[in-house]
Structure formats: C-alpha cells, structure tokens
Amino acid sequence: QTVPSGWRESNRFHQPALEQILRRGLGRFPGHVALSGCEFNDVREEDERVIARYTRTADGTNGEVRAHFLVGCDGANSRVRELMGSSLEILADPAQWLVVDILLTEPVPALSAGTVQFCDPARPITSIECVGGRHRWEIKLMPGDDVATFADSDNVWQKLAAWTSPQQGRIERAVIYTFRSAVARSWRRGRTLLAGDAAHQTPPFLGQGLCAGIRDAANLAWKLDWVVKGLAPQSLLDSYAQEQSPHARAFIQEAIRIGKIIEVTDPDAAARRDQEFVDRPQMVHSIRPSLGAGLHSGWPAPAGTYSQQPVLSDGRRMDDVAGLRFVVLGSQTVIAGVSQATRETWRRADALILPDEGAAYLAQLGYKCAIVRPDRYILAAVNSAADLDAATALIPLVRQ
C-alpha cells in the first residue's frame, strides 16, 4: 500500500545489506573519509571547529578529525551524549528480549503469514517474515530465565519447536537486547549534536528505530549544509531538536502502548485483554505525528506535517525534480502575486517553483499553495500572495 510520499507504507529489508549499500554510497561524495575499527574518545570545540579524538583498536594509536560540526550517531550508550552532559528521560521500564534470525533452508508455510504477535502471557513471542529467506523471532525473557544461556542454540530451538526445527534452517544470529524507551533531554551543545539511538530509543514494536534515525538525518542534513555554507545562522540548528524530539517521542509512546498489549504476563489481565479484543476488534494504524514547534511555529496545520509527493504534469515525481531543495507549488495566480522580496528569497534559497502543480493534493488540504521543506515536511500552506510572502519569510536564510 502506498502512502502520501508515493512509496510503500511498510518495507522489509536486511539491515546489514542496507548498511553495505550506504557505505558504498559514500564513494559518490568527494573528500569523504571513512574510518573503521576506531573508538571515539572525546571532543572539544576550538576556533569555530570541533575536534574529535579517537583510538585505532588494532594498534592503539590515536588520531583526530577536525570538522565544522560533530553528530553523535553512536547508539544507545552514546559516548558523545555522555560528554555533552545530556541525560536520558526514561519513558517506560526496559525489557529484555531475545532476537533470533533464522536463515531458512526450505519453505515453511506456517511462517508465511507476515508479522504475528503471539500474546501468550506465559511467554510473549513475535514472529516476523523477513527478506532473503530469513525469519525473525523476538522472544521475551521471563523471571527465572538464565540470561547467560538463553541465547544458546539448544534453548532457541526448544523455544521455537512449535513452529520450526533445525532441519528447516540455521541460526544466523541470536542476541539478547534490552528494549528501551527514552529521549535525550538535550540534543545539542554548541557544535556537537545527537541523532538516532543516541538521541532516542524505542521498543521495536512499530519498527521505527532506524526509521526515526533516518528522519533525524533528513531534518539535520539540510540545516547543517545551510549553516556550513553561510546561508543560515547557526541558531537554525536549535530547531532540529525542537522539531524532532516531540516527533520521536510520539512514536515511542505509541510503541509503548502496543508493547503493553503484547507484553501482558498476568493470566487474568491477559484474559481481560483478549475478551476486549473479541468484543471490540481493533486495527493498528501507522501514526504520522507532526514535527514539534520549530520553523513553522505559529502556523496552523498542515504546517509541520509530512507532505504528499505529487506526480507532476510531466509524469515525474516531485522528489525526482526537486532534490534537496525547498519547493513552492500551487496556484500560478497566487505565486505570480508575491513581492520582489519573496522572489529574492526563493532565488537565494534555490527554491524550486512549481506553478499549477499539486492542485488535487492542495485541494484536499484546503489551500492553494504550499512551501515544502528539503526534508519534505510542509513549512506552510496558504491561500493568498500576502500569506505566501509571510510564509516565505520562514525560510531560514541569513537576512541581508
């Protein structure tokens, strides 16, 4: 099923394969340096630069990297977050689950039902059909389980005996994870910022962990680009956490809610839950929370919501034409009526102007024009040239 972005709503992939593609993709960019096998030590600011120090784990030698900014994408136990002095706000108690990837050697019809939650109060289990002949299981650890041996292959096959056996596949990976629900209280200190699990952690029940990190990157990348190029003031970076922190929190809270349904271990409470679903069946729908108050602050919805990607009159998708630019689309009459100052802002921002495009989508929103950000969230939607002038003033250029 496609969604307003024009792409599928849900995608399954093998994360190591995706990471290999991303690493190879770095080769498209001149001047990049990829360092592996290194342990980050500390960071300091100096002369409008940030200096990150690291140690090569193979030989213990030290090195450093100098850059305009440092983004700590170093996971849930982030050293960057620690050095920033940013603490975590814990949103729910952690829980331990065993994650098992089975590489199937033959088709198993019983495992072709997509994602299934077995809400057994004796031991909640999740079954997930994956790509490349893989099947994932998430198995909740219960009181009395031995963490030291729970991931052993004999125990894994015993727990999965109702569905599959060693004759049908092999264990590719079995790791105990702690499912955490938390948001960092601060995402920026000077030229150092956080993204991904360093900034927020979610239980996996919505499949939004990596997705949330990608949304962080989409929000932050164009802002860093503008600041480094001198197009925008460094204060623009404050809007990153203002927008993304509430956005990530909404997904985490929804994952917590779904987890509370799945993780019931009290038999009486589970019986009440089951009866409630029998009496009032429910569907789980993807949520699409708006950004927190940031660049669009003070403007009504759909400002701050994710934009549909219209198919343009020449048959191309908007993303294929716009790239990482602001887009102004809608009524040619409204666009033609803006001030010269607005046109100058569009020129400086290298905005793509698309008159008389996206009309059907805008009509759904109840507006004639919209400004869409490089990360494809709506900056503002308007019905007049005067309002388009005011909305254009939100584009965060250094004022001349």
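Because the model is predicted, local features need pLDDT of at least 70 and side-chain atom pairs count only at pLDDT 80 or more, whereas totals for chains, interfaces and linings use all residues. Residues are numbered from 1 along each chain as its sequence is written, and side-chain values use heavy atoms, with hydrogens and water left out.

**Helix 9**

- In helix 9 (residues 340-349), the buried residues are T342, T345, W346, R348 and A349, where buried means under 20% relative accessible area, exposed over 50% and partly exposed in between, with a 1.4 Å probe and protein chains only.
- Seen down the helix axis, these buried residues fall within an arc of 165°, so they line one face of helix 9; the arc is that of the directions from the helix axis to the C-beta atoms.
- Q340 and R347 are exposed on the other side of helix 9, and the helix is followed by D350, which has a positive phi near 55°.
- The buried residues of helix 9 pack against helix 4 (209-229), strand 13 (327-330), helix 8 (332-336), strand 14 (352-355) and helix 11 (385-392); helices (H or I, at least four residues) and strands (E, at least two) are DSSP runs numbered from the N terminus.

**Nonpolar cores**

- The largest nonpolar core has 47 residues, and those with the most contacts inside it are W226, F326, W346, L388 and I395; such a core is a set of buried Ala, Val, Leu, Ile, Met, Phe, Trp, Tyr and Cys residues joined through side-chain atoms within 4.5 Å.
- Helix 4 gives the most to this core, with 5 residues.
- Leaving aside neighbours within four places in sequence, W346 is in contact (heavy atoms within 4.5 Å) with V328, I335, V338, A351, I353, L388, T392 and I395.
- A second, separate core of 13 residues includes I102, V108, W137 and V156.

**Residue G6**

- G6, found in the segment before helix 1 (15-25), counts as buried at 17% relative accessibility.
- Not counting residues up to four places away in sequence, G6 touches Q309 and R317.
- The C-alpha atoms of G6 and V311 are separated by 8.5 Å, although the two residues lie 305 residues apart along the chain.
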